[in-house]
Structure formats: structure tokens, C-alpha cells
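Let's take a walk through this fold, one piece at a time.

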Amino acid sequence: MSPDVPAPSAPQAPDATVVVIVYNDAERLPRAVASVRRQTHADIEIVISDDHSTDATPEVARRLAAEDPRVLHLRLDHNSGGCSVPRNRALEIARAPYVMFLDSDDELLPEAVELLLAAHREQDVDFVMGAVERVRADTGNRARWMPQLVAERRTVPGIDAEPRLFFEHLATSKMYARAFLDRHRLRFPEGIHYEDQLFTAQAYCLARAFTVIPEPVYRWYIAPHASGDAASISNQRFKLDNVRDRVHVQRLVDEFLDESGHGALHEEKDYKFLKHDFRMYAGDLPYRDEEWLAGFAEIVNPYLATLTPGAYARLPRPERVVVQLVRDLRLADARLAARGLGHAVGPRTAVTDDEGRTYWGDRLPDTDWARRELDLSDLAPDTCPFPYALLRHEVTEIAPGPGASVDLAIRTYDPALRLPVGPQAATLLLSPGRRRMSVPFRLSPVRPGVYEGHVHLDLAAAPLPLHGFDGARHPVVRLEHQGRFHRGVLLAPEAPFRPLTARVEYHSGAAPHLVTVEPEQRGTGRLQVRWRPAGVTARVVRPLVRRAARPRVRRAVRLLASVLR
């Protein structure tokens with residue numbers, strides 16, 4: 001291992017070191033390094049730590065080092081297969097009293113170093129953490145990561161004062177005092193994945209005090225649809241080894257909490273695991289086969305048995321149900337319960353015991369613990385207001401119709417028998433723009449608590465805005481009872497189906513679009529309709545209409561749209 005280190009122009013150490021780790025990422029490395037070079041606080045050192053890349057990364061790194069004397073290139077002799085080793089090796093040569101870390105596929109915000117360094121200089125703290133901006137690489141949509149945790153500027157006198165911060169487990173959103181890292185010999189654990197979770201838990205517990213600032217400092221690019229090994233570690237949840245790695249690091253965190261005298265924080269850490277880590281896998285369960293589900297349960301169940309009862313009690317009831325069904329090895333039921341998580345979707349069936357308590361599924365739970373977790377009585381399924389009734393709408397069949405239409409067979413489950421006896425007037429709602437498309441249909445009873453109906457959905461009739469629509473929407477089923485409305489998501493068929501795509505020419509003056517009906521690619525398995533503008537109209541008219549506020553201008557743009565079509 002040898003750094004390409006130019007002779008320092010001055011013996012004075014820089015104010016901060018930014019470590020940029022990289023492996024086979026020659027394309028994005030210049031963007032990451034550029035975000036550091038244009039920091040408003042310029043007295044910095046940039047260490048590119050290359051985990052023995054086999055692509056053009058070394059050449060790119062050497063070029064970047066030649067362009068800016070603040071950039072150093074460190075190349076490891078062997079690939080470590082993770083993030084810890086390149087970060088640790090860079091720390092061995094870093095010269096600044098403060099250090100932070102950047103991945104090659106991400107960026108720092110322009111004022112990141114200035115803001116974090118200023119907070120360090122205001123108070124003697126062990127690290128400073130800022131907000132993280134998440135960017136979808138496919139859509140460009142932006143959102144704050146865990147915004148509720150960083151909304152207020154404050155100095156925290158140790159993690160015991162705010163244990164909810166365990167949810168913010170990124171090592172990259174923080175600037176650390178080098179003396180703090182060295183005093184506790186705190187380095188990234190080598191040879192494991194999800195190393196950030198252990199490192200950050202240790203930093204939280206060892207810090208005397210740390211400061212939180214609300215300004216965004218880190219831009220985290222998310223590529224949710226990357227496939228195979230191109231996906232990030234967090235997005236490789238389809239691999240059972242990924243599950244093992246995540247559970248393994250949780251056990252290491254547990255051991256550290258006990259050894260460091262922070263055993264009282266177990267419930268907080270357990271709740272974070274259930275609400276964040278397990279919840280991500282739960283959202284994927286509808287897409288996993290029986291073999292994967294069995295392997296998943298074999299890995300997670302021994303660990304789930306060690307978690308504190310208080311952590312389970314803090315979960316929303318639908319999430320408690322999914323966890324318990326996995327623990328009971330009712331894996332087909334777990335997959336069923338996971339469809340619709342976060343969207344108030346009821347079960348297909350429910351069973352009531354002699355005491356009048358209602359449980360998820362078609363049989364009474366076997367143990368006291370399972371009864372406690374699968375008990376739906378706190379949701380008042382028999383008496384809650386109708387808009388919150390536990391209903392479930394599923395597409396059982398889907399067939400292409402003429403043009404851009406589809407025919408849907410829909411089954412509605414009403415396990416608490418909240419709907420009146422007889423046929424139900426229902427409406428399918430879809431809103432690709434400000435105006436809503438409403439398609440009435442009829443649900444007929446087939447047995448107590450189960451209704452079926454058919455909908456002909458003509459997507460050419462959808463009321464698109466003049467400038468078109470680029471995005472996805474999820475149909476909703478609306479039912480009325482005694483003047484009150486229930487709106488529930490429509491789940492896609494359980495069996496996979498090939499997306500149905502058609503080109504639509506709209507008579508309203510909107511641009512031609514490609515419209516696709518498909519299952520939700522990630523999430524909870526809803527039916528999804530996706531629009532994408534097509535042709536020259538999409539490139540020319542949409543920017544004009546966004547600026548067209550006056551009716552006369554809108555009429556002119558509509559005329560232009562008809563000509564371009």
C-alpha cells in the first residue's frame with residue numbers, strides 16, 4: 001500500500017480531512033471529489049482511499065491528485081470487500097484534527113465542512129452531525145433522511161439523553177474530532193458489512209457530547225432499482241447473506257452496549273431494529289418465494305427472541321402482526337400481511353375468541369405471546385368509524401382490453417362484516433393530475449365478508465394536465481356507508497403478471513403518453529399505473545405550459561400541442 005502523496009507545500013496541518021472511499025467507480029469518483037474541492041471552507045485535505053479497484057479508478061484518482069495539491073491518492077494492496085479497511089487506512093495518514101467520510105457515489109453539500117467545523121469550534125464536542133439529503137438516482141426526487149431527528153440545532157450530552165438518535169446510524173453525516181477517535185481507539189470494524197451501524201453506535205455511546213445541526217451536509221444518492229451486485233449493500237436484501245450480515249452487526253451492537261455500561265439502551269436499539277431494519281425486509285416479503293422466506297425466518301427468529309418486550313409494544317399493530325407471523329413460521333400469512341403495510345390494509349380473515357377479542361388470520365394463536373401480538377382489538381375492527389374499517393381490496397385477474405384499457409377482477413374482504421348485506425356500490429379512483437378519474441362498479445357478495453366485482457378501466461379517458469404527467473399513481477377503491485367514505489388501496493394480483501403498456505393520444509390537448517399498468521416494483525404490492533410523455537410534444541410543450549399562467553397562453557399552447565401531435 002503506497003499513497004501518491006505530493007510533498008506538502010507547508011508544514012501546517014489542514015483544518016479538516018475528508019476521506020473519499022472508492023472501489024471500481026471511475027465514473028462517479030470525479031463528482032464526489034469535485035463536491036469536496038468546491039467546499040466554502042477550503043483549508044482541507046482530501047484522501048481518496050481506493051480499495052484496489054480493477055477499473056480506471058486509479059488513473060482517475062491520480063489525475064484528480066495532480067489537479068489539486070489538497071488531494072492525496074491512497075491505493076490498497078488488496079481488495080477488502082467493504083468500507084471499513086479503506087476508511088481505516090486513510091485515517092492512518094490523515095493530518096487534520098477533524099475528519100469526515102464520503103462514499104464515491106455521493107456528494108458533500110457545498111457548505112458541509114464550514115458548517116460542521118463551525119459547530120466544533122463553538123463547543124468542545126466529540127462529533128457534529130448534520131442533515132442528509134437523499135436523492136433518487138432514477139427520478140431526481142429529493143427528501144431528508146430522518147428529518148425529525150435533525151430538525152433542531154442542539155448539543156446532546158450523550159446518547160442516553162436522546163436514544164432515538166440510534167435511527168440515524170450513518171457514519172458519513174458526521175465530522176469527528178480526531179482526538180476523540182484516537183482516545184477511544186475507535187475505528188471501523190473490519191470484515192463485516194453494515195459497519196456504519198456498529199461504528200456509529202459506539203460513537204454515540206463513547207461521546208461525552210455531540211452537536212446536531214439542521215442544515216444538510218451530505219447528499220446520498222439512492223438507486224433502488226439497481227440489479228444484482230450493482231445494487232448497494234442495503235439494496236441487496238434479496239440475498240440471505242445480507243440478512244445474516246445485518247443480524248450479525250446487531251448482535252455486535254448488543255455486546256458493545258453491555259460492555260460499555262449502556263445496557264439500559266437495549267429497548268431503544270431493539271425498537272430501531274424492528275422499526276427500521278426488520279421493516280425493510282418486511283416490505284420485501286410479498287416478492288419472496290417460499291424457500292427464501294424459510295431461510296429468512298431461520299436467520300432472524302433466534303435474534304427476534306432476544307429482543308425486549310417493550311420494543312415490540314411500540315410497533316404499530318400491522319408491523320407486530322408481520323413479525324409474529326414470521327416467528328410462528330406462518331410464512332404464507334406473513335407475506336399476505338406484509339402486502340399493504342403502511343396503507344391500513346386489513347386481513348382477509350379474522351377470528352374471534354370466547355372473550356370477544358379479534359385476531360389476525362383464520363385460527364386462534366397458540367401462545368399467550370402470539371395472542372398479544374396478533375390481537376387486533378386495539379384497532380376496534382367492529383366499532384371503529386367506517387373510514388378506518390379493516391377492508392382489503394385485491395385484483396384477482398387482469399386482462400388487456402381494447403386500446404389503452406384493462407379489465408380488472410376485484411375481490412374485497414370485509415373480515416369484521418362492516419359492510420351492509422347485499423351488493424355494494426363502489427368507485428375506482430385514479431388521479432394522474434389535479435382532476436380525478438372515477439369509475440363506478442358493483443361489488444357483489446359471494447360469501448359473508450367477501451365481495452367480487454369487475455372494472456373496465458379506460459386509461460385514455462384519464463384527465464391528464466395539458467402539460468402531461470410523468471410519474472406513477474395507485475388506484476384507490478372508495479365505498480360509502482351511511483354517508484361516510486372508506487378509501488382503500490388496490491393490491492396487485494399475487495401472481496406476477498407482465499406489465500401492460502399502450503400509447504395514448506389524448507383529445508384534451510395533452511401530449512401523447514406511454515401508459516403502463518404494472519405491479520408496484522417496490523413497496524407493498526399495490527397496483528400501479530405509470531405515465532410517461534412520448535414524442536416531441538413532451539420535449540417542447542411541457543416546459544411551455546409550466547410557465548403559461550394566462551388562459552390565452554394556455555389556448556396557444558394547446559393549439560401548438562395539437563400541431564405537434
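This is a predicted model: local features need pLDDT of at least 70, side-chain atom pairs count only at pLDDT 80 or more; totals for chains, interfaces and linings use all residues.

Start at leucine 430: its bridge partner in S17 is methionine 437.

Is threonine 427 buried or exposed? Its relative accessible area comes to 13%, and since the cut-off for buried is under 20%, threonine 427 counts as buried. Setting aside residues within four places in sequence, its contacts include Ser438, Val439, Pro440 and Phe441. Val476, Val477 and Arg478 are also in contact with threonine 427.

Now zoom out to the sheet around it. S16 and S17 are part of a set of 7 strands that closes into a barrel, and the order is S14-S15-S18-S17-S16-S20-S21. The pairing in this barrel is mixed. On average, neighbouring strands here are turned by 30° against each other, ignoring direction.

There's an open sheet to look at too. It has 4 strands in the order S19-S24-S23-S22, paired antiparallel. Its edges are strand S19 (471-473) and strand S22 (500-504), each of which pairs on one side only. Inside it, strand S23 (residues 513-519) and strand S24 (residues 527-533) run antiparallel and are joined by 7 bridges. If you want a landmark, find proline 519, which stands opposite leucine 527 in S24.

Strand S7 (residues 127-136) pairs with strand S8 (residues 142-145) in the antiparallel sense, over 4 bridges. Valine 132 is set opposite tryptophan 145 in S8. The hairpin has 5 residues between its two strands, and glycine 140 in the turn has a positive phi of about 80°.

On to the helices. Packed helix pairs are described by the angle between their axes and the distance between those axes. How do the axes of helix H7 and helix H8 cross? Helix H7 (residues 240-259) and helix H8 (residues 266-284) have axes that come within 11 Å and cross at roughly 170°. An angle over 145 degrees counts as roughly antiparallel, so that is how H7 and H8 are related. On the H7 side, the residues that meet H8 include Val243, Arg246, Val253 and Leu257. Among the H8 residues they meet are Lys269, Phe273, Asp277 and Met280. Sorted by class, this contact has 6 nonpolar, 3 polar and 7 charged residues.

One more helix stop: glutamine 202, in helix H6 (residues 195-206). With a relative accessibility of 16%, glutamine 202 counts as buried. Apart from residues up to four places away in sequence, glutamine 202 touches Leu186, Arg187 and Phe256.

Finally, step back to the whole protein. There are 15 helices and 24 strands, and 54% of the 565 residues are buried. Of the contacts with a separation of 6 or more, 71% are between residues 24 or more positions apart. The protein exposes about 25,300 Å², with carbon and sulfur atoms supplying 51% of that area.

Methods: Residues are numbered from 1 along each chain as its sequence is written. Side-chain values use heavy atoms; hydrogens and water are left out. Two strands pair if DSSP finds at least two bridges between them. Axes are lines fitted to C-alpha atoms, for helices over the stretch in contact, and angles run from 0 to 180 degrees between N-to-C directions. Buried means under 20% relative accessible area, exposed over 50%, partly exposed in between (1.4 Å probe, protein chains only). Contact means heavy atoms within 4.5 Å. Accessible areas come from the Shrake-Rupley method with a 1.4 Å probe; for residues, only the protein chains shown count as cover. Angles under 35 degrees count as roughly parallel, over 145 as roughly antiparallel, 65 to 115 as roughly perpendicular and the rest as oblique. Ala, Val, Leu, Ile, Met, Phe, Trp, Tyr, Cys and Pro count as nonpolar, Asp, Glu, Lys and Arg as charged, and the others, Gly among them, as polar.
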